[in-house]
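Hi,

Here is the structure I promised to pass on. Have a look at it first, and then read on for what turned up.

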Amino acid sequence: RGTDPSMIYEGENGFDMCFSNQGMWGRGNYFAVNASYSTNYCYSSGSTKQMMVAEVLVGQYEERRPDSNIKKPNIKPLSEQSGKMKNERYSSIKGHTKGSDVFIVYDNGRAYPKYLITYQ
């Protein structure tokens with residue numbers, strides 16, 4: 001909310017974890033399916049608001065209930081692991097709050113801004 005969108009939009013990492021705050025599913029970058037949910041969290045200056053449409057690589061996600069102590073997605077059960085590495089984790093977390101599904105990613109390079117929308 002407090003970060004000027006140009007810091008993200010023009011940055012080399014896209015949505016950078018250094019701008020993330022603690023949320024319902026821990027410290028991560030949060031992306032809602034419904035823009036009506038996101039309008040409560042967008043950047044505002046006076047009567048003008050700015051919101052980004054993003055491309056998010058959610059990969060194989062796990063659905064979780066809110067828990068602000070989450071640091072990363074859980075390790076997948078052995079039956080879901082590809083065998084390419086030990087202790088594969090899910091790529092992201094999916095939650096649901098206030099009428100919208102939300103996806104949370106915990107690593108840089110999983111989400112990039114596509115459009116910056118300015119509205120009143």
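The element names below follow one convention: helices and strands are DSSP runs, numbered from the N terminus. Please keep in mind that this is a predicted model.

Let me start with a loop residue. E88 sits in the loop between β6 and β7 (92-97). Is E88 buried or exposed? E88 counts as buried because its relative accessibility is 9%, and the cut-off for buried is under 20%. Leaving aside residues up to four places away in sequence, E88 touches I75, K76, Q81, S82 and G83.

Next, the aromatic rings. The count comes to four aromatic pairs, and two of them are described here.

F15 and F31 form an edge-to-face pair, with 5.0 Å centre to centre and 90 degrees between the planes. This pair links distant parts of the chain, 16 residues apart: F15 lies in the loop between α1 (5-9) and β1 (22-23), and F31 in strand β3 (residues 29-32). F15 is buried, at 11% relative accessible area, and F31 is buried too, at 13%.

Y61 and F103 also pair edge-to-face, at 5.2 Å centre to centre and with 80 degrees between the planes. Here again distant parts of the chain are linked: Y61 belongs to strand β6 (residues 61-63) and F103 to strand β8 (residues 100-105), 42 residues apart. Y61 counts as partly exposed at 32% relative accessibility, whereas F103 counts as buried at 16%.

Best wishes

Terms used. Residues numbered from 1 in each chain as written. Predicted model: local features only at pLDDT ≥ 70, side-chain atom pairs only at ≥ 80, totals over all residues. Heavy atoms only, no water. Phe/Tyr/Trp six-rings, centres within 6.5 Å; stacked < 30°, edge-to-face > 60°. Helix = DSSP H or I, 4+ residues; strand = E, 2+ residues; numbered from the N terminus. Buried < 20%, exposed > 50% of the residue type's maximum accessible area, 1.4 Å probe, protein only. Contact = heavy atoms within 4.5 Å.
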